[in-house]
Amino acid sequence: MRNVDLVIIGGGPAGMCAAVSAYNAGVENILILERDSHLGGILQQCIHNGFGLHRYKEELTGPEYAFRCEAELRKLPVEVQCNTMVTDISPEKMITAMSSERGIEKIGAKAIILAMGCRERSKGALNIPGTRPSGIFSAGTAQKYVNMMGYMPGKNVVILGSGDIGLIMARRMTLEGARVHAVCEVMPYSGGLARNIQQCLNDFDIPLYLSHTVTEIHGEHRIEGVTISEVDEKMKPIQGTERFIECDTLLLSVGLIPENELSRSAGLNLDSVTKGCFVDQNRETEIEGVFACGNVLHVHDLADFVSEEGEIAGESAALYIRNELKKSMHVPVVTDGKIRYSVPQIVTDNTKNIRLYYRAGAVFSDVKVNVLADGVVVNSVKKKKLVPGEMQYIELKANSVSENTAEIKVCIDKE
Amino acid sequence: MKKNLTCIVCPLGCLLEVEQEGNEVVSVEGNGCKRGRDYAVTECTNPQRVITTTVRTQDGYIIPVKTDKAIPKSMIFECMRDINSLCPDGQNGYTVGDILCRNILGTDANVVVCADVRKV
Ligand SMILES: Cc1cc2nc3c(=O)[nH]c(=O)nc-3n(C[C@H](O)[C@H](O)[C@H](O)COP(=O)(O)OP(=O)(O)OC[C@H]3O[C@@H](n4cnc5c(N)ncnc54)[C@H](O)[C@@H]3O)c2cc1C
Ligand code: SF4
């Protein structure tokens, strides 16, 4: 058995940035475990640009963003072990990892940072009547095929779901010569960024059908087409609105879900909304010395915010190892439902400003976002527009709450 | 004439209201920053996009590439055709920023590598 000060699970931007900040905050003995053969995580297949505008003040592609993170990391004596899959974490911070090189290995850690990212939802989307021919892919799998293996899944495409991956793939497949006939979104708004609607769909005249879903899949061996229908407010298909679209490929882009099997095995509870752990402002989970950051904690749309969260977790882990992590209170952060969630969910110290990251549950225009401490407004920001696809943050200023505060609430008010 | 555009320069995606007289942009509203105005002007006069795609190397690696400047939107597919016909033979692997094609189609943009590929 090996003993390490800090083990980081996952070598995407969250894990890499956490390692750099932990090292800079004084942790010398750091080990990153990554199951893939390379560092970089999901960024390796996100070859489009739109990364790093906040952090590097220029527009980078995913692989370039990963390259920058990795270059910073490689300057430091941080140990990186790729091709290694972590299979278990115990509440006592004992890690079980598996690799063909070292076999099964036990690693004891003073602190652990969870940075396993997320994976695509898939099952739910297939409650569609009809056959199960080949030619149906999740958008992320298609992205991997096209961008990393140079293989095009098909020529005539329909995409179900208008999250960013679906939009990005609509453009990507169009550039490579496919025809994307439709993007269907069951909600009355798209879950993707406005810029992606413009540059991935509108630029290529790809129609986006809001409040529409795929109601039947046709074809025996290979998919031959889909029926799409309009849906009502209860998301029930409206009879008489069916339309057949011929296609050889159906991409499902129905959202991402944090990859938390390990967190569960460690005994951590998951937030039913974020599907990630509960954390405080240090990104410390319910187990002392176990931290979480990036997409494993809540799904981010911007790598820049992932890096920032990695840095918070790395620095906090360093303080924890030195026994200097401050905790003076335990105040839960709740939301009003219009705001779907906020992270962190708990505030344990307020000597510094804390950014409360949140996501709206629907589209709102001209509203105020308020932070309340036991009903009293402690910060308020006007927002012209809030959409579910864009994570936002509002500051809880230093010393806004005390150990006597019962609750912090993030909520929306009409202006 | 007034029209609405979504600024694509940063993820905020501001909704721009552009007023045009003939080919000239006379006013831009709704932009959260100065870049939004510049975007509206190019978008209305000579829309441009950066292309991000992949290239297959002679020895079968798939590497991500991009144009290091935006190219005219009307040339996207022509440009894709040229990029797809590149078949580089990097003897010693590839490094971020390596130029695979200079001044593609006379656009002044170069096609550059976006990831490090080390041969094993
Ligand atoms: C399709 C798509 C498009 C995006 N577009 C943009 C964009 O335009 N602009 C932008 O700023 N952001 C974008 N993002 C968001 C951003 O890229 C991601 O949020 C960010 O990369 C997530 O980083 P991460 O480190 O949390 O997770 P990941 O990058 O997923 O890294 C997690 C790592 O953990 C490893 N791992 C998981 N489980 C284990 C285990 N048990 N043992 C060992 N290793 C494990 C995985 O192999 C992986 O390498 C996009 C995301 C996606 C998915
Ligand atoms: S106007 Fe400025 S802030 Fe708004 S989307 Fe464009 S670049 Fe971003």
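Predicted model: local features only at pLDDT ≥ 70, side-chain atom pairs only at ≥ 80, totals over all residues.

## Ligand site, cavities and ring pairs

Residues are numbered from 1 along each chain as its sequence is written, chains are lettered from A and ligands numbered from 1 in the order written, and side-chain values use heavy atoms, without hydrogens and water.

Ligand 2 takes the space of the second largest pocket. A pocket is an open set of points on a 1 Å grid over the protein atoms alone, with protein on both sides within 12 Å along at least five of seven lines; a cavity is a set where a 1.4 Å probe fits but cannot get out; lining residues have an atom within 4 Å of a point. A molecule sits in either if more than half of its atoms lie within 2 Å of the grid points.

The second largest pocket holds about 1,400 Å³. Volume is the space filled by probe spheres set on the points, which are joined across faces, edges and corners. Its lining counts 49 residues, with K385(A), E390(A), L12(B), G13(B) and C14(B) nearest the centre. By class, 23 are nonpolar, 13 polar and 13 charged.

There are five cavities of 30 Å³ or more. Two are tabulated.

| Cavity | Volume | Lining classes |
|---|---|---|
| Largest | about 100 Å³ | five nonpolar, three polar, three charged |

The lining of the largest cavity includes R171(A), L175(A) and T52(B). R171(A), L175(A) and T52(B) are also among the residues lining the second largest cavity.

Nine aromatic pairs occur over all chains. Rings of Phe, Tyr and Trp (its six-membered ring) pair if their centres lie within 6.5 Å; planes under 30 degrees apart are stacked, over 60 edge-to-face, the rest tilted. F137(A) and Y145(A) pair edge-to-face, at 5.8 Å and 80°. Y145(A) and Y151(A) are also edge-to-face, with centres 5.4 Å apart and planes at 80°. F51(A), Y56(A) and Y65(A) form a cluster through ring pairs.

How values were computed. Nonpolar A, V, L, I, M, F, W, Y, C, P; charged D, E, K, R; others polar.
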